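Welcome! Please have a look at the sequence and the structure before reading on.

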Amino acid sequence: MQRSAGYGAEDSCLKNHTNNEVSSTTPDYDVEKTAINPSDPTAHDVAPNTQCPSDQGGKGLFDQNAEPDTDTSTLTDEQEDFPEGGLKGYCVVIGAFCGLFSVFGIINSTGILLEYFSTHQLKDYTSSQIGWIFGLSLFLTFFCGAPIGPIFDAYGPRVLMLCGSVLLVASMFLLGLCTKYWHFFMVYSILNGLGGAFINTPCISSIGHFFLLRRGNATGIAMTSGSIGGIIFPLMLQKLFPMLGFAWATRIMGFILAGLLGLANMLVRGRLSGKPMGSFMSVAPDLTVFKDPPFAFVSLGIFLMEWGIFVPLTYLTSYSTSHGHSSAFGFQIIAVLNGGSFFGRFFAGLAADMIGRVNTLILSIVLCIITCFALWLPAEDSTAMTVVFAVIFGFVSGSNLSLSPVCVGQMCKTEHYGRYYSTCWMFVAFGTLTALPIGGQILIANGGKYIGLIVFAGLSYTAAAACLIAARVLKVGWKIKMVY
């Protein structure tokens, strides 16, 4: 039975758990992808599992003779092979929760750190220059997940988790000593970014060793940790910055991460025996898959979605303080947004099972467009409208990162998912790298006014929706009721 680890990063998500899927034996369509029971006579208008041109042969960019690995096991065989929980399985979920809390709790608090850096240590630098610090960290977390996957397959999570824990804890303890721009680049961008990649991939992939039918639920529980961290850390830093100063505030975060990652290292484990690690070229991006128009449109749509989502998440704090709100409100508004995201991720999964993953992602992006233009753009100094925007945007954007990987999975056959996923997210990673610097440059060009920044986020979402709709139409046509 063939398996591969997840490749990538966050709440980024469910991005890593679906490449251990099983292939169906006879039906015309993939039951797992459509969430429809083939024996159900009412299950009509279900998207077929069409094979795209680039599936033929699955040749990689660096190994044109390579054939994709296939899983010849049946669904029944895999069900019998997975414990679907048990003490060890749920301990892995708890450990993954702790590990992902450490990664995405920090990522979801980016706005707080950016606001503090821009008014203290890096006050002489522009928003665009500071944005590169956070952009590079996000880029490394997303981009480096792909080559970590085969290492996990071969050696399990232990060494990877230990390395990631050392990097993340060191990043927090050293952050308080940073005074110059290059200090932040080395400590936050490099250490935090690489540490996040080393923790994220083993956490998500280890869950896949213990769960198959309940994998979505188990992974979803672990992934809610990012939203919870995005609530706790901003409120904690709001109190600690004036009381103890930046250095001790970040050290306390380091102690918290050390405790959480200690638990993660004890609880996260693999179940399946290791296999010899193949060439790193086997997970290199396969640019030939972009010859498939639906996949190309989905990849571009997710790239543009990254531009849209990280602008509000990062700049909402500085937006609030620039419109007369207190710094305390700026910290609290990020916690409010992450609170909405917590519920959004949960209900998006339920909706995806009923109306389809791509359909749900398109709907959530359309709602993000509406909230940006109808609520954030006219909010200005209105406290009520800013809070309403944070709650609603957090809720509707919760599915952005969690549903995008499974949408990629619907563009290809299950056994080719690893190659498609790594290719897509190595491309999308450049969206996370450039989103914040572009946003900061727009802010500078508009003299510190946020209208251009909000329009940029809204238009990015609009273009993303157009790309995903185009991919859906190319795959299943214009049938509105099609579950896809």
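## The overall picture

The chain has 17 helices and zero strands; both are DSSP runs numbered from the N terminus, with at least four residues (H or I) for a helix and at least two (E) for a strand. Of its 484 residues, 59% count as buried. Here buried means under 20% relative accessible area, exposed means over 50%, and partly exposed lies in between, with a 1.4 Å probe and protein chains only. The accessible surface of the chain comes to about 18200 Å², and 68% of that belongs to carbon and sulfur atoms. These areas come from the Shrake-Rupley method with a 1.4 Å probe, and for residues only the protein chains shown count as cover.

A word on the basis of this tour: this is a predicted model, in which local features need pLDDT of at least 70 and side-chain atom pairs count only at pLDDT 80 or more, while totals for chains, interfaces and linings use all residues. Residues are numbered from 1 along each chain as its sequence is written, and side-chain values use heavy atoms, with hydrogens and water left out.

## How some helices pack

Two packed helices are described by the angle between their axes and the distance between the axes. The axes are lines fitted to C-alpha atoms, for helices over the stretch in contact, and the angles run from 0 to 180 degrees between N-to-C directions. Angles under 35 degrees count as roughly parallel, over 145 as roughly antiparallel, 65 to 115 as roughly perpendicular, and the rest as oblique. A crossing is left-handed if the near helix is turned anticlockwise from the far one by less than a right angle, and right-handed if clockwise.

Let us start with helix H7 (residues 158-175) and helix H8 (residues 181-210), whose axes come within 8 Å and cross at roughly 150°. H7 and H8 are therefore roughly antiparallel, and their crossing is left-handed. Helix H11 (residues 293-322) and helix H17 (residues 451-476) pack at about 155°, with axes 8 Å apart. This pair, too, is therefore roughly antiparallel, with a left-handed crossing. How do H4 and H11 cross? The axes of helix H4 (residues 110-119) and H11 come within 7 Å and cross at roughly 50°, which makes H4 oblique to H11. The crossing of H4 and H11 is right-handed.

Lysine 475 sits in helix H17 and is buried, with a relative accessible area of 14%.

Helix H12 (327-355) and helix H13 (357-379) each supply at least two of the patch residues, and the largest share, six residues, comes from H12. Phenylalanine 395 is found in helix H14 (residues 383-397) and is partly exposed, with a relative accessible area of 38%.

Most residues other than glycine have a negative phi. Glutamate 380 has a positive phi of about 50° although it is not a glycine. Glutamate 380 lies in the loop between H13 and H14 and counts as partly exposed at 43% relative accessibility.
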